[in-house]
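Student: Hi, could you walk me through this protein model? I'd like the overall picture and then some details.

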Amino acid sequence: MNQQELHQLASKKVEENKPLIEKDSNRLQFHLMPPVGLLNDPNGLIHFNGLYHVFYQWNPFETSHGAKFWGHYTSKDLISWQEQPPALVPSEWYEKNGCYSGSAVEHNGKMYLFYTGNVKNKNNERETYQCLAVSHDGITFEKKGPVIFLPEDYTPHFRDPKVWQQDGIWYMVLGAQTEKEEGQVVLYASMDLENWEFKGPLAGGNLNGLGDFGYMWECPDLFKLGTQDILLASPQGLEPEGHLYQNLFQSGYFIGKWKPETNRYVHGDFIELDRGFDFYAPQTFEDNHGRRLLYAWMGLTDENEAFQPTIANGWIHALTLPRELVLKGDKLYQKPVAELTQLRKTHDFHQQVSLDNEAKSWTAINGTVSEIYIEVGQHEVTCFEINIRENVKLSFNYVKSMITLERKSFKDGSPESRSCQLPILKELHIFLDTSSIEIFLNGGQEVMTARFFAEPTEQTITFASRGKVDLWIEKWSLQL
Ligand code: FRU
């Protein structure tokens with residue numbers, strides 16, 4: 001199908017499904033979602049000509065994965081978003097099975113998108129092309145076709161270009177799989193964004209003593225924060241280790257030093273970015289205020305996907321809130337961006353409370369779309385917990401210094417949990433949307449993200465303790 005036909009079919013799909021989708025009580029209020037169909041990775045994040053641009057992997061035709069489009073939203077303030085026509089549709093031979101993930105940069109007043117053209121050939125084998133598309137206005141894009149072909153020693157699992165400029169040179173990292181089936185990040189360099197030179201592997205499979213670390217690394221991102229070079233990657237194929245790597249696929253980061261001249265990257269351990277259930281393929285960009293902002297897909301390709309109730313209404317998945325990254329010592333902290341305070345509609349609760357071996361709730365704290373801030377004061381407790389809408393339970397075990405997030409599984413409602421070691425619990429900052437929760441612990445030291453699906457009538461939020469604890473609680477109702 002040509003570009004025009006694909007555009008028309010997608011808008012028809014959006015229009016047809018509007019009535020059903022608008023009625024869905026799980027539709028989120030302040031998160032980016034697909035207008036119809038399936039959303040996955042955030043792509044092409046950039047601040048360009050006064051607007052924030054968020055592109056995303058989009059299958060408008062089904063709630064399963066397929067030949068992806070690049071959906072597109074723009075915003076002046078990271079809060080209210082405008083839907084734009086899809087930026088890329090899979091109309092050409094080199095992308096016929098999907099305009100896969102990639103990134104955006106600005107050069108000479110134009111926006112350059114780099115993405116992976118995904119192709120299944122007639123023998124059903126995968127082919128991969130790293131492609132370029134250029135735009136003057138940030139809305140319509142002219143495709144320039146492939147600029148990078150698969151190098152030797154790699155399988156066609158070679159994708160997700162992330163491009164940036166440093167000291168006058170353009171660099172690109174790509175997620176890759178070696179012929180030995182090790183996940184890697186590889187580097188390219190260019191002077192003009194069109195001719196690219198392969199510089200070899202930068203991290204992953206057996207480099208830097210990492211050993212066996214997954215069979216494929218998706219969506220890499222390399223950037224400077226302070227004096228450090230941070231590498232984000234989403235490795236596939238890590239086995240669970242205690243409370244680590246509990247999701248099917250992981251997203252995390254390394255802190256280290258990268259030498260462009262030699263392409264040597266010396267780094268520390270892999271650290272997971274999020275300790276909840278639904279977080280994958282994060283991407284970052286530097287905005288016009290010099291902030292390093294991150295969005296991720298608030299979902300995952302795993303067995304839960306098929307059981308999400310929104311499928312019945314023709315859509316699935318969303319992006320996380322935008323988060324600002326700050327490096328503190330050897331840890332990346334994630335903070336909800338300051339602009340989110342604009343969502344505060346009413347300040348329903350701000351009070352010092354005490355729990356003494358009891359469960360308590362306050363009507364003013366109940367609700368479905370809200371921000372809750374809690375500071376933990378004096379305590380002599382073994383356990384402190386918050387129960388949200390009869391669906392999600394967050395508990396801190398003082399004996400084990402462990403935070404646990406429990407939710408009802410999408411499949412059969414049985415409880416499932418994710419836990420994370422936290423030396424001390426000082427504060428919790430919770431963003432609740434109709435069917436999502438993002439919990440920022442101790443100023444973003446750890447974050448736990450999850451989707452959950454509760455009855456709209458279930459609105460109660462209950463606090464409970466074993467022992468005595470003083471809390472400072474604030475709550476706002478949020479509205480776009
Ligand atoms: C990550 C990913 C990318 C790929 C895209 C396809 O979720 O698998 O590696 O480019 O999704 O939609």
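Student: Great. What kind of model is it, and how are residues numbered?

Tutor: It is a predicted model: local features need pLDDT of at least 70, side-chain atom pairs count only at pLDDT 80 or more, and totals for chains, interfaces and linings use all residues. Residues are numbered from 1 along each chain as its sequence is written.

Student: How many helices and strands does the protein chain have?

Tutor: The protein chain has 1 helix and 32 strands. Helices (H or I, at least four residues) and strands (E, at least two) are DSSP runs, numbered from the N terminus. The radius of gyration is 22 Å, close to the 23 Å that the globule rule gives for 480 residues, so the chain is as compact as a globular protein of that length. That radius is taken over C-alpha atoms, and the globule rule is 2.2 Å times the number of residues to the power 0.38.

Student: And what box do the C-alpha atoms fill?

Tutor: Roughly 65 × 55 × 40 Å, taken along the principal axes. Of the 480 residues, 43% count as buried. A residue is buried if 20 or more other C-beta atoms lie within 10 Å of its own, exposed if 12 or fewer, and partly exposed in between, with C-beta atoms placed from the backbone.

Student: What about contacts along the sequence?

Tutor: Among contacts between residues at least 6 apart in sequence, 58% join residues at least 24 apart. Two residues are in contact if their C-beta atoms, placed from the backbone, lie within 7 Å.

Student: Switching topic: which domains does the assignment give?

Tutor: Domain 1 (3-336) and domain 2 (342-478). Such bounds come from an automatic or database domain assignment. The centres of domain 1 and domain 2, taken over C-alpha atoms, are separated by 30 Å, and 29 residues of domain 1 are in contact with 31 residues of domain 2. By class, the side of domain 1 that touches domain 2 has 12 nonpolar, 11 polar and 6 charged residues. Here Ala, Val, Leu, Ile, Met, Phe, Trp, Tyr, Cys and Pro count as nonpolar, Asp, Glu, Lys and Arg as charged, and the others, Gly among them, as polar.

Student: Now the sheets. What is the strand order in the open sheet of 5 strands?

Tutor: The order is β4-β3-β2-β1-β20, with mixed pairing. Two strands pair if DSSP finds at least two bridges between them. β4 (81-88) and β20 (315-316) stand at the edges with a single partner strand each, so one side of each is left without a neighbour in the sheet. β3 (residues 69-75) runs antiparallel to β4, with 5 bridges joining them; threonine 74 has glutamine 82 in β4 as its bridge partner.

Student: Where does helix α1 lie?

Tutor: Helix α1 (residues 3-22) lies across β1 (37-48), β3, β4 and β20, and runs at about 145° to β4. Axes are lines fitted to C-alpha atoms, for helices over the stretch in contact, and angles run from 0 to 180 degrees between N-to-C directions.

Student: Is cysteine 99 buried or exposed?

Tutor: Cysteine 99 is buried, with 31 other C-beta atoms within 10 Å. Its place is in strand β5 (residues 99-107). Leaving aside neighbours within four places in sequence, its contacts include Trp70, Leu88 and Tyr115.

Student: Why is β11 called largely enclosed?

Tutor: Because 6 of the 8 residues of strand β11 (residues 183-190) are buried.
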